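Please examine the sequence and the three-dimensional structure shown below.

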Amino acid sequence: MEHHKEPGPGPISVSIKARIERHAELAYRTNPLFARAERGEVSMEHIARYLRSLHHLFSMTVPYLKAAEAGALERGNPKLARFFREKIGEEAGHDEWARADFESVPLDAGTREAIDVLPTMKAFLAHVREMIAIDPAFYVAYAMTAEYFTVLVAPRWVAALHEKCGIDPRHMSAIAKHAELDKDHADEDMRVLDELLPPSESWDLGRLLASVDRTIEIFDEFGHDVFS
Ligand SMILES: [Fe+2]
């Protein structure tokens with residue numbers, strides 16, 4: 001008798017997917033980046049502050065993927081290491097999109113030069129490094145959170161920024177491109193979560209879900225910081 005393995009996500013990714021969907025539903029209430037876009041309260045300077053930190057976040061993607069690859073090899077999981085290595089090829093250069101978006105925002109030179117990476121973005125990156133150090137499994141959950149959340153939230157956000165705040169989508173090209181690319185990436189993250197993560201003492205589903213919550217929580221804090 002032939003046995004077919006049911007395609008599609010298993011229990012880990014199903015739980016994380018549901019959690020991210022809940023956060024995406026709440027995002028327009030909990031995160032000022034989205035709430036204020038809907039109310040027409042995001043200025044060019046706000047979006048430049050956001051993009052400066054987004055560029056910094058994207059510039060760390062490749063170093064962090066390399067660290068996750070090394071961590072997976074140390075733990076004897078070469079298939080997971082290969083997933084991270086292949087992702088480097090997909091993510092390299094995306095920081096340049098964010099840099100170009102930042103530079104496209106019309107601002108006077110003094111205002112632009114005064115914009116630095118926000119403290120909450122530094123906290124966000126510290127959280128990401130901590131997850132990689134605990135177990136590369138947490139970094140897969142993080143990647144899925146970042147990518148699936150973007151797919152769910154970004155199209156409405158870019159539209160609201162355009163229609164309610166007068167921010168041309170050309171300033172948001174890094175986000176618009178990710179809203180498309182990350183559909184496939186999020187599917188791949190789900191597959192990896194279910195197929196490549198062996199049972200381990202260092203993580204369990206509860207801790208993975210808590211790390212997803214923490215990722216969103218710090219991103220909400222970052223959203224407040226953009227307007228502070
Ligand atoms: Fe990317």
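Val128, Met131, Ile132 and Ile134 in H8 meet Pro136, Phe138, Tyr139 and Tyr142 in H9. Two residues are in contact if their C-beta atoms, placed from the backbone, lie within 7 Å. Helices (H or I, at least four residues) are DSSP runs, numbered from the N terminus. The residues of this contact of H8 with H9 divide into eight nonpolar, no polar and no charged. Here Ala, Val, Leu, Ile, Met, Phe, Trp, Tyr, Cys and Pro count as nonpolar, Asp, Glu, Lys and Arg as charged, and the others, Gly among them, as polar.

The structure is a predicted model, in which local features need pLDDT of at least 70, side-chain atom pairs count only at pLDDT 80 or more, and totals for chains, interfaces and linings use all residues. Residues are numbered from 1 along each chain as its sequence is written. The chain averages a pLDDT (the predictor's confidence in each residue, from 0 to 100) of 92, and 93% of the residues score at least 70. Over residues 1–8, however, the pLDDT is below 50, and this stretch has zero contacts in the model beyond near neighbours in sequence.

How do the two helices cross? The axes of H8 (residues 119–134) and H9 (residues 136–165) come within 5 Å and cross at roughly 135 degrees. H8 is therefore oblique to H9. Axes are lines fitted to C-alpha atoms, for helices over the stretch in contact, and angles run from 0 to 180 degrees between N-to-C directions. Angles under 35 degrees count as roughly parallel, over 145 as roughly antiparallel, 65 to 115 as roughly perpendicular and the rest as oblique.

A residue is buried if 20 or more other C-beta atoms lie within 10 Å of its own, exposed if 12 or fewer, and partly exposed in between. Leaving aside neighbours within four places in sequence, methionine 131 is in contact with Phe138, Tyr139, Tyr142 and Ser211. Glutamate 130 also lies in helix H8, but glutamate 130 counts as exposed because it has 12 C-beta neighbours inside 10 Å.

The largest nonpolar core has 63 residues, and those with the most contacts inside it are Val140, Ala141, Met144 and Leu193. Such a core is a set of buried Ala, Val, Leu, Ile, Met, Phe, Trp, Tyr and Cys residues joined through C-beta atoms within 7 Å. H9 gives the most to this core, with 17 residues. Apart from neighbours within four places in sequence, methionine 144 is in contact with Ile16, Ala186, Asp189, Met190 and Leu193.

Two further residues lie in other helices. Glutamate 25 is found in helix H1 (residues 11–30) and counts as exposed, since it has 12 C-beta neighbours inside 10 Å. Although glutamate 25 and valine 153 are 128 residues apart along the chain, their C-alpha atoms are separated by 8.4 Å. Arginine 191 belongs to helix H10 (residues 173–195) and counts as partly exposed, with 16 C-beta neighbours inside 10 Å. The C-alpha atoms of arginine 191 and leucine 54, 137 residues apart along the chain, are separated by 27 Å.
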